[in-house]
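Hi,

Here is the structure I promised to pass on.

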Amino acid sequence: MASRAPLQFYDEPLPGIDCSELRGKLIVIEGPDSVGRSTQIAQLRFWLEQQGHAVIDTGMARSALTQRGIQQAKQGHTLGPTTMTLFYTTDFADRLENEIIPALRAGFVVLTDRYIFSIMARAIARRQDRKWIEQVAGIALVPHAIYYLRAEIDDLVARVVVGRGSFEYWESGMDIPIGRDRYESFIKYQQRVIKALDEMAERYDFTRIDATKRPDQIFRLLQRSIKRIIGHEGRVDGADLAIV
């Protein structure tokens, strides 16, 4: 899959979509919970807009179709693993068709905080069928770049403790559950998510970034790479940057 050109579908194309009409750039920031993705997205959008680019940013559970339902279900802790995967996949499909593709057609730079890969990793972490979720992922467009903010579990724990002081129910996989308390469940669940993302890294051509670097260092690395993406139509290969 890594050899596929950007802005082609991984598998079966959505009906009525002519990929040759998509003139924008699709840039993905991936990584586990609390790794600093949203911070980088916000800075990248501000920087790109200063450079004169039209930009939108998007992320999981932001679809107008599903956002409220996902929030309500999560508050009531009523989502089973399969229902959760289907809910988030529906959210992704709606944003892809009604937000991402129209923006790409108009020539925007699309920054997405997570993509289909986090949905896959969460499903795999919950022991969902791997082949099934990979087939579902075929609806996604191949991005121009997938930046994977990679961190070890100890760093994630420290970020949560310092940042908000508690472990969130879903980020800890408490719906499974796999530990005696939220702390233990967070560690085991996030380790599964990291393992799943690591296994996808080569297949989907992630560019790994050491998330333990200072945020300003990560931002400069992203800037350097994205400048190259904006300048040509090809995809930047992960090997082009010695980031980790």
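A residue counts as buried when its relative accessible area is under 20%. Keep in mind that this is a predicted model. With that cut-off, Asp205 is buried, because its relative accessibility is 10%. Asp205 sits in the loop that joins H7 to S5, and its backbone is worth a look too: phi is near 60°, a positive value in a residue other than glycine. For context, most residues other than glycine have a negative phi.

Ala61 has a positive phi as well, about 65°, although it is not a glycine. You'll find Ala61 in the loop between strand S2 (55–59) and H2. Its relative accessible area is 17%, so Ala61 is buried.

Now the helix pairs. How do H2 and H3 run relative to each other? Helix H2 (residues 67–75) packs on helix H3 (residues 81–105) at an angle of about 160°, and their axes are 10 Å apart. Anything over 145 degrees counts as roughly antiparallel, so that is the label for H2 and H3. Their crossing is left-handed. On the H2 side the contact uses Gly69, Ile70, Ala73 and Lys74, which meet Phe87, Tyr88 and Asp91 of H3. Sorted by class, the residues of that contact are four nonpolar, one polar and two charged.

The other pair is H4 with H7. Helix H4 (residues 116–125) and helix H7 (residues 182–203) have axes 8 Å apart and pack at about 125°, which makes H4 oblique to H7. The crossing of H4 and H7 is right-handed. H4 brings Phe117, Met120, Ala121, Arg122, Ile124 and Ala125 to the contact, while H7 brings Tyr189, Arg192, Val193, Ala196, Leu197 and Met200. That contact of H4 with H7 has ten nonpolar residues, two charged ones and no polar ones.

Gln128 is in the loop between H4 and helix H5 (130–136). Is Gln128 buried or exposed? Its relative accessible area is 16%, so Gln128 is buried.

Arg130 belongs to helix H5 and is partly exposed, because its relative accessibility is 35%. Leaving out neighbours within four places in sequence, Arg130 touches Ile124 and Glu199.

Last, helix H8 (residues 215–231). Which residues of H8 are buried? They are Ile218, Phe219, Leu221, Leu222, Gln223, Ser225, Ile226 and Ile229. When you go through them, remember that an α-helix has 3.6 residues a turn, so residues three or four places apart point the same way. Among the elements that cover the buried residues of H8 are strand S1 (25–30), helix H1 (37–50), strand S4 (145–150) and strand S5 (207–210).

Cheers

Definitions and conventions: Residues are numbered from 1 along each chain as its sequence is written. This is a predicted model: local features need pLDDT of at least 70, side-chain atom pairs count only at pLDDT 80 or more; totals for chains, interfaces and linings use all residues. Side-chain values use heavy atoms; hydrogens and water are left out. Axes are lines fitted to C-alpha atoms, for helices over the stretch in contact, and angles run from 0 to 180 degrees between N-to-C directions. Helices (H or I, at least four residues) and strands (E, at least two) are DSSP runs, numbered from the N terminus. Angles under 35 degrees count as roughly parallel, over 145 as roughly antiparallel, 65 to 115 as roughly perpendicular and the rest as oblique. A crossing is left-handed if the near helix is turned anticlockwise from the far one by less than a right angle, and right-handed if clockwise. Contact means heavy atoms within 4.5 Å. Ala, Val, Leu, Ile, Met, Phe, Trp, Tyr, Cys and Pro count as nonpolar, Asp, Glu, Lys and Arg as charged, and the others, Gly among them, as polar. Buried means under 20% relative accessible area, exposed over 50%, partly exposed in between (1.4 Å probe, protein chains only).
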